[in-house]
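Please keep the sequence and the model in view while reading.

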Protein chains: 2
Amino acid sequence: MKKLINDPEDVLSEFMRGFSIAHKDIVEYKTDPVHFHRAGGAVQGKTGLVSGGGSGHEPLGGGYVGAGMLDAVAPGAFFSSPTPDQILAATEAANGGAGVLHLVLNYTGDILNFEMAAELAAAEDIEVATVVIDDDVAVENSTWTAGRRGVAGAIAAMKMTGAATDLGYDLAKTAEVCTKINDSMGTMGLALTACTVPTAGKPSFDLGPDEIELGIGVHGEPGVKRVPMMQVDEIVDVLVDAVVKDLKFERGENVLLYINGLGATPLSEQYIMYNHAWDKLDALGVNVTRSQVGNYFTSLEMAGASVTIMRLDEELTKLYDAPVHTAGWRKGV
Amino acid sequence: MKKLINDPEDVLSEFMRGFSIAHKDIVEYKTDPVHFHRAGGAVQGKTGLVSGGGSGHEPLGGGYVGAGMLDAVAPGAFFSSPTPDQILAATEAANGGAGVLHLVLNYTGDILNFEMAAELAAAEDIEVATVVIDDDVAVENSTWTAGRRGVAGAIAAMKMTGAATDLGYDLAKTAEVCTKINDSMGTMGLALTACTVPTAGKPSFDLGPDEIELGIGVHGEPGVKRVPMMQVDEIVDVLVDAVVKDLKFERGENVLLYINGLGATPLSEQYIMYNHAWDKLDALGVNVTRSQVGNYFTSLEMAGASVTIMRLDEELTKLYDAPVHTAGWRKGV
């Protein structure tokens, strides 16, 4: 295992300390229990937005806390759910008196711990609503999931839902638009290689030198099938067809086309995927009005990528276009 | 070679077409000869800023064209210099009547072709000045370089020099501040693995399973030494000490601390490097007033990273903070 680390047990604390120093104008890092919240604390009167999940998906985590996106986040250990006390602390930090939305990616451990944290918050008179993101159209149930997994589309959901809270949506309306965002999108991905969690010290799964896995989960959960390496246009055909079939896009609709890299896949390859996905949507008469390409939801140094397509109406376009200022996603006015 | 590509010969054209569709609000893509310029063309009366170099370092290339950064760029084939006619076309596209600065990374082929393009531009009455970026403190001469190589610091130089042109600096003042930026910084990096250029089909060099190379160039040019894998703090000691020794930072000075990932190195590892580099500068009494961590200058899927430290005075801080809107570097006002 060649990694730029010291003791594997110190990876998370050293990375998070470095992150918090580098971005101290945006986020504040708390260690007991571990969570990040916006520098300056909760915005009074604004609906709070909290997410969380395992580490190893950076910039997901502290990288998406800031104006126009999350108020606080609870990052667990690598590929492990955050604990209820972490989520509670993040919820308290995000609470500006107008309630807090929990945006939860659909993994069983995360669901259970967010539920417990919501009960603890209720006991403190913090109103909590929950929306579960399950954008992965590849498989119905998976290793750590009942129902569909929450994957790369969750990042767009965090950005757009955060914009809604900044625009003054109350808790009920925020939960409603977050659900609408989740219902408007689908994602499917593939991996070429596994990754190695530092504390595990060995690859999370095995893939042959000429083998890829379609529909794989971001932690290496089994996908749809393992196939010999093929040309990327054929891969994109499988991914886009699955999402289009699920979302039933119609001629004339506007969409976001979003390619997410898992870590080790060069940007040039991600744009080649975009290129063919765009042609396919164009052939269907679907208009790509917003585009996003890059490493937004990674799995350490895994090679692979996913395609997300989201139906955009006027409201969702406005939320996508709103300013955002986080370490992982920045955009001016 | 598992890569998300079709025919290796089509990688550049497919990626660049995808890129140009995804970012058509920011850049325009021309194919004869290949170059990118700002959507809307040259800004009249503004000093133009042009760079170029081999592809494979994305988002470098079209990703840094846009408001607050480059006016145009000439991307060569993978790890190959752009041709003089590409550079000339980019120069013409960037010319708003106030002259054009060529920001050239120090590789012999690039230097020669930019010189030839500058002569061709002069014949068209476009005034051209040239600044060569050579921030790599690792080695004095290298495989494709007389003198020091231009590496990750070049991206900061592009951003800050672009800000200067947007602020109204004339050609002479722009060249002067670009030289000052280059003189104010140093970079040193390392690699854990090689990368594979699609058209070559095999790794660009060999590194053993427990071996790393310190001071390596972004194309795999020999560095200072190959050593067994060690803890990252020891690696950062070597890199930071080399840059500090070269730049002679003094107690009380303000600096930018910038960690660049080469492609496959997770963000968490880059922040661990930042964490220790920050502690070292702090111990020297040097103030890190600006921070940057991420994959700004990659080498396809190479694993590795570099540390850049730049002395910041009031002028350079202002240029670093100015708004920028490109595909690869965005920041609001």
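## Serine 20 of chain B

B:S20 is located in helix α1 of chain B, which spans residues 11–22. The model is a predicted one. Is B:S20 buried or exposed? Its relative accessibility is 12%, and because buried means under 20% relative accessible area, B:S20 counts as buried.

A polar atom of the B:S20 side chain lies 2.8 Å from the backbone oxygen of B:R17. When residues up to four places away in sequence are left aside, B:S20 touches B:Y29 and B:F36.

Strands β1(B) and β2(B), the latter formed by residues 34–38, pair in the antiparallel sense over five bridges. They belong to an open sheet of six strands in chain B, ordered β1-β2-β4-β3-β5-β6, in which the pairing is mixed. At the edges stand β1 (27–31) and β6 (128–133) of chain B; each has a single partner strand, so one side of each is left without a neighbour in the sheet. On average, neighbouring strands of this sheet are turned by 20° against each other, direction ignored.

Two helices lie across strands of chain B. Helix α2 (residues 84–94) of chain B lies across β2, β3 (48–55), β4 (72–78), β5 (100–105) and β6 of chain B, and runs at about 160° to β4(B). Helix α3 (residues 108–123) of chain B lies across β3, β5 and β6 of chain B, at about 165° to β5(B).

## The sheet of chain A

Chain A also contains an open sheet of six strands, with the order β1-β2-β4-β3-β5-β6 and mixed pairing. Its edge strands are β1 (27–31) and β6 (128–133) of chain A, each of which pairs on one side only. Neighbouring strands here are turned by 20° against each other on average, direction ignored.

Within chain A, strand β3 (residues 48–55) and strand β4 (residues 72–78) pair in the parallel sense over five bridges. The bridge partner of A:S55 in β4(A) is A:F78. Helix α3 (residues 108–123) of chain A packs on the sheet and touches β3, β5 (100–105) and β6 of chain A, its direction making about 165° with that of β5(A).

## Further strands of chain A

Strand β7 (residues 185–191) of chain A runs antiparallel to strand β8 (residues 211–214) of chain A, and two bridges join them. Four bridges join β8(A) to strand β9 (residues 225–228) of chain A, again in an antiparallel arrangement. A:E213 takes part in both pairings: A:A191 stands opposite A:E213 in β8(A), while the bridge partner of A:E213 in β9(A) is A:R226.

A:T289 has its place in strand β11 (residues 287–294) of chain A. With a relative accessible area of 30%, A:T289 is partly exposed. Not counting residues up to four places away in sequence, A:T289 touches A:N254, A:V255 and A:L312.

## A helix pair in chain A

Helix α4 (residues 153–166) and helix α8 (residues 314–321) of chain A pack at an angle of about 95°, with their axes 8 Å apart. That angle makes α4(A) roughly perpendicular to α8(A). The contact is made by A:K159, A:M160, A:A163 and A:A164 of α4(A) together with A:L316, A:L319 and A:Y320 of α8(A). These contact residues divide into six nonpolar, no polar and one charged.

Key: Residues numbered from 1 in each chain as written. Chains lettered and ligands numbered in written order. Predicted model: local features only at pLDDT ≥ 70, side-chain atom pairs only at ≥ 80, totals over all residues. Heavy atoms only, no water. Pairing = 2+ DSSP bridges. Axes fitted to C-alpha atoms, helices over the stretch in contact; angles between N-to-C directions. Contact = heavy atoms within 4.5 Å. Buried < 20%, exposed > 50% of the residue type's maximum accessible area, 1.4 Å probe, protein only. Parallel < 35°, antiparallel > 145°, perpendicular 65-115°, else oblique. Nonpolar A, V, L, I, M, F, W, Y, C, P; charged D, E, K, R; others polar. Polar contact = N/O pair within 3.5 Å; in protein donor to acceptor, adjacent residues only side chain to side chain.
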